[in-house]
Amino acid sequence: MKDSYITVAKEHIFKQVIDRSVFIGHVKKTESEEEAREFIKEIKNKYSDATHNCSAYVQGMGGEHEFADDNGEPGGSAGKPILGVLRSKGLTNVTLVVTRYFGGKKLGVRGLIDAYGSTARLCLEEAGIKEEIVKEVIRIKCSYKDINRILYIIEKGQGEVVEKDYAQEILLAISIRLRDKDTLKDMLAGFAEILF
(Lines give C-alpha, C1' and ligand atoms only; values in the text may rest on other atoms or scores of the structure.)
Protein backbone atom coordinates (compact mmCIF):
# COMPACT_ATOMS: atom_id res chain seq x y z
CA MET A 1 0.00 0.00 0.00
CA LYS A 2 1.49 3.32 -1.08
CA ASP A 3 1.34 5.81 1.77
CA SER A 4 3.94 8.40 0.84
CA TYR A 5 4.70 10.69 -2.06
CA ILE A 6 7.25 13.32 -3.11
CA THR A 7 6.07 16.91 -3.34
CA VAL A 8 7.33 20.47 -3.03
CA ALA A 9 8.67 21.45 0.40
CA LYS A 10 7.21 24.96 0.43
CA GLU A 11 5.31 27.46 -1.64
CA HIS A 12 7.81 29.55 -3.58
CA ILE A 13 8.22 32.30 -6.20
CA PHE A 14 11.23 32.49 -8.52
CA LYS A 15 11.98 35.24 -11.05
CA GLN A 16 14.42 35.45 -13.95
CA VAL A 17 14.88 37.59 -17.06
CA ILE A 18 15.60 35.88 -20.39
CA ASP A 19 16.17 38.07 -23.46
CA ARG A 20 14.23 40.94 -21.86
CA SER A 21 11.18 38.77 -21.05
CA VAL A 22 10.45 38.34 -17.35
CA PHE A 23 9.54 34.81 -16.21
CA ILE A 24 8.08 34.30 -12.74
CA GLY A 25 7.60 30.77 -11.42
CA HIS A 26 5.06 30.05 -8.68
CA VAL A 27 4.94 26.61 -7.09
CA LYS A 28 2.64 25.24 -4.39
CA LYS A 29 1.69 21.92 -2.86
CA THR A 30 -1.93 21.19 -3.79
CA GLU A 31 -4.04 18.34 -2.42
CA SER A 32 -6.59 18.02 -5.25
CA GLU A 33 -7.27 19.00 -8.85
CA GLU A 34 -9.78 21.55 -7.55
CA GLU A 35 -7.13 23.14 -5.31
CA ALA A 36 -4.65 23.09 -8.23
CA ARG A 37 -7.13 24.87 -10.54
CA GLU A 38 -7.87 27.41 -7.80
CA PHE A 39 -4.15 28.18 -7.41
CA ILE A 40 -3.78 28.63 -11.19
CA LYS A 41 -6.79 30.98 -11.18
CA GLU A 42 -5.33 32.93 -8.24
CA ILE A 43 -2.02 33.46 -10.08
CA LYS A 44 -3.82 34.44 -13.31
CA ASN A 45 -5.84 37.03 -11.38
CA LYS A 46 -2.77 38.35 -9.55
CA TYR A 47 -0.83 38.70 -12.81
CA SER A 48 -3.74 39.56 -15.10
CA ASP A 49 -1.57 42.12 -16.90
CA ALA A 50 1.01 39.44 -17.87
CA THR A 51 1.39 38.23 -21.45
CA HIS A 52 0.97 34.56 -20.42
CA ASN A 53 0.31 32.48 -17.30
CA CYS A 54 1.27 28.92 -18.29
CA SER A 55 0.75 26.07 -15.88
CA ALA A 56 0.98 22.39 -15.07
CA TYR A 57 0.05 20.14 -12.20
CA VAL A 58 0.35 16.52 -11.12
CA GLN A 59 -2.16 15.18 -8.58
CA GLY A 60 -2.88 11.87 -6.87
CA MET A 61 -0.77 9.43 -4.84
CA GLY A 62 0.54 7.86 -8.03
CA GLY A 63 0.52 11.05 -10.08
CA GLU A 64 -2.47 9.80 -12.05
CA HIS A 65 -3.93 13.24 -12.79
CA GLU A 66 -1.86 15.57 -14.97
CA PHE A 67 -2.58 18.89 -16.64
CA ALA A 68 -0.57 21.29 -18.81
CA ASP A 69 -1.66 24.61 -20.35
CA ASP A 70 0.28 26.79 -22.82
CA ASN A 71 -2.05 29.78 -22.23
CA GLY A 72 -1.60 31.18 -25.72
CA GLU A 73 2.06 30.29 -26.25
CA PRO A 74 2.79 28.01 -29.26
CA GLY A 75 1.50 24.47 -28.65
CA GLY A 76 3.78 22.41 -26.40
CA SER A 77 6.21 25.26 -25.73
CA ALA A 78 5.20 26.13 -22.16
CA GLY A 79 2.83 23.77 -20.31
CA LYS A 80 4.58 20.58 -21.42
CA PRO A 81 8.07 21.74 -20.38
CA ILE A 82 6.68 22.73 -16.96
CA LEU A 83 4.95 19.35 -16.63
CA GLY A 84 8.13 17.63 -17.78
CA VAL A 85 10.07 19.19 -14.91
CA LEU A 86 7.44 18.02 -12.39
CA ARG A 87 7.58 14.49 -13.83
CA SER A 88 11.39 14.40 -13.92
CA LYS A 89 11.49 15.11 -10.18
CA GLY A 90 8.85 12.43 -9.48
CA LEU A 91 6.56 14.99 -7.83
CA THR A 92 2.85 14.80 -7.21
CA ASN A 93 0.26 16.96 -5.44
CA VAL A 94 2.02 20.01 -6.83
CA THR A 95 1.07 22.90 -9.13
CA LEU A 96 3.48 25.19 -10.95
CA VAL A 97 2.56 28.35 -12.86
CA VAL A 98 5.05 30.34 -14.92
CA THR A 99 4.04 33.92 -15.65
CA ARG A 100 5.66 35.71 -18.61
CA TYR A 101 5.91 39.41 -19.32
CA PHE A 102 6.98 39.75 -22.96
CA GLY A 103 10.10 41.89 -23.33
CA GLY A 104 9.87 42.67 -27.04
CA LYS A 105 12.16 39.93 -28.35
CA LYS A 106 10.68 36.69 -29.74
CA LEU A 107 12.33 33.59 -28.33
CA GLY A 108 11.11 31.00 -30.84
CA VAL A 109 9.64 27.65 -29.84
CA ARG A 110 12.99 26.18 -28.71
CA GLY A 111 13.73 29.31 -26.70
CA LEU A 112 10.30 29.20 -25.05
CA ILE A 113 10.71 25.51 -24.13
CA ASP A 114 14.07 26.29 -22.53
CA ALA A 115 12.79 29.42 -20.75
CA TYR A 116 9.66 27.82 -19.28
CA GLY A 117 11.54 24.62 -18.41
CA SER A 118 14.42 26.43 -16.70
CA THR A 119 12.08 28.72 -14.76
CA ALA A 120 10.14 25.69 -13.51
CA ARG A 121 13.33 23.77 -12.64
CA LEU A 122 14.97 26.68 -10.78
CA CYS A 123 11.72 27.47 -8.93
CA LEU A 124 11.54 23.85 -7.73
CA GLU A 125 15.21 23.79 -6.76
CA GLU A 126 14.72 26.82 -4.52
CA ALA A 127 11.44 25.51 -3.07
CA GLY A 128 12.94 22.10 -2.30
CA ILE A 129 11.23 18.73 -2.28
CA LYS A 130 10.13 16.46 0.54
CA GLU A 131 8.46 13.16 1.21
CA GLU A 132 4.94 13.39 2.61
CA ILE A 133 3.71 10.51 4.74
CA VAL A 134 -0.02 9.79 4.64
CA LYS A 135 -1.38 9.21 8.13
CA GLU A 136 -4.76 8.27 9.51
CA VAL A 137 -6.28 8.83 12.92
CA ILE A 138 -7.75 5.88 14.79
CA ARG A 139 -9.69 6.26 18.00
CA ILE A 140 -9.62 3.80 20.86
CA LYS A 141 -11.21 3.33 24.27
CA CYS A 142 -9.31 1.62 27.09
CA SER A 143 -9.33 1.23 30.87
CA TYR A 144 -7.01 2.99 33.29
CA LYS A 145 -5.38 -0.30 34.26
CA ASP A 146 -4.21 -0.88 30.66
CA ILE A 147 -3.07 2.65 29.80
CA ASN A 148 0.68 2.11 30.33
CA ARG A 149 0.63 -1.02 28.18
CA ILE A 150 -1.46 0.81 25.53
CA LEU A 151 0.95 3.77 25.42
CA TYR A 152 3.89 1.35 25.06
CA ILE A 153 2.14 -0.44 22.17
CA ILE A 154 1.36 2.86 20.45
CA GLU A 155 5.00 3.98 20.71
CA LYS A 156 6.29 0.59 19.54
CA GLY A 157 3.85 0.67 16.62
CA GLN A 158 5.11 4.13 15.55
CA GLY A 159 1.84 5.82 16.47
CA GLU A 160 1.41 9.22 18.07
CA VAL A 161 -1.30 10.17 20.56
CA VAL A 162 -2.86 13.38 19.24
CA GLU A 163 -5.88 13.61 21.56
CA LYS A 164 -6.65 12.35 25.09
CA ASP A 165 -9.87 12.30 27.07
CA TYR A 166 -9.66 10.94 30.61
CA ALA A 167 -13.22 10.22 31.70
CA GLN A 168 -14.69 7.02 33.17
CA GLU A 169 -12.63 5.27 30.50
CA ILE A 170 -9.76 6.69 28.51
CA LEU A 171 -10.38 7.80 24.92
CA LEU A 172 -7.34 8.29 22.69
CA ALA A 173 -6.92 9.51 19.13
CA ILE A 174 -3.79 8.05 17.53
CA SER A 175 -2.12 9.30 14.36
CA ILE A 176 -0.50 6.40 12.50
CA ARG A 177 1.15 5.92 9.12
CA LEU A 178 -1.36 4.28 6.77
CA ARG A 179 0.80 1.20 6.16
CA ASP A 180 1.13 0.59 9.94
CA LYS A 181 -2.55 1.06 10.83
CA ASP A 182 -3.66 -2.59 10.67
CA THR A 183 -0.57 -3.79 12.55
CA LEU A 184 -1.22 -1.31 15.35
CA LYS A 185 -4.88 -2.34 15.51
CA ASP A 186 -3.80 -5.99 15.85
CA MET A 187 -1.31 -5.07 18.60
CA LEU A 188 -4.02 -3.21 20.51
CA ALA A 189 -6.58 -6.02 20.22
CA GLY A 190 -7.50 -7.35 23.64
CA PHE A 191 -6.30 -4.23 25.44
CA ALA A 192 -8.42 -1.53 23.80
CA GLU A 193 -11.65 -1.13 21.89
CA ILE A 194 -11.12 0.32 18.41
CA LEU A 195 -13.85 2.89 17.87
CA PHE A 196 -13.20 3.94 14.23
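Which strands does helix α2 (residues 79-88) lie across? Select the helix and look: α2 lies across β4 (52-59), β5 and β6 (94-101), running at about 35° to β4. Helices (H or I, at least four residues) and strands (E, at least two) are DSSP runs, numbered from the N terminus. Axes are lines fitted to C-alpha atoms, for helices over the stretch in contact, and angles run from 0 to 180 degrees between N-to-C directions.

A word on the ground rules: this is a predicted model, where local features need pLDDT of at least 70 and side-chain atom pairs count only at pLDDT 80 or more, while totals for chains, interfaces and linings use all residues. Residues are numbered from 1 along each chain as its sequence is written, and side-chain values use heavy atoms, with hydrogens and water left out.

Next, colour the open sheet of five strands, in the order β2-β3-β6-β4-β5 with antiparallel pairing; two strands pair if DSSP finds at least two bridges between them. At the edges sit β2 (12-18) and β5 (65-69), each pairing on one side only.

Zoom in on β2: seven bridges join it to antiparallel strand β3 (residues 21-29). Pick H12 and you'll find its bridge partner in β3, V27.

Last stop: K135, in strand β8 (residues 135-142). Leaving out residues up to four places away in sequence, K135 touches S175, I176, R177 and L178.

How values were computed. Contact = heavy atoms within 4.5 Å.
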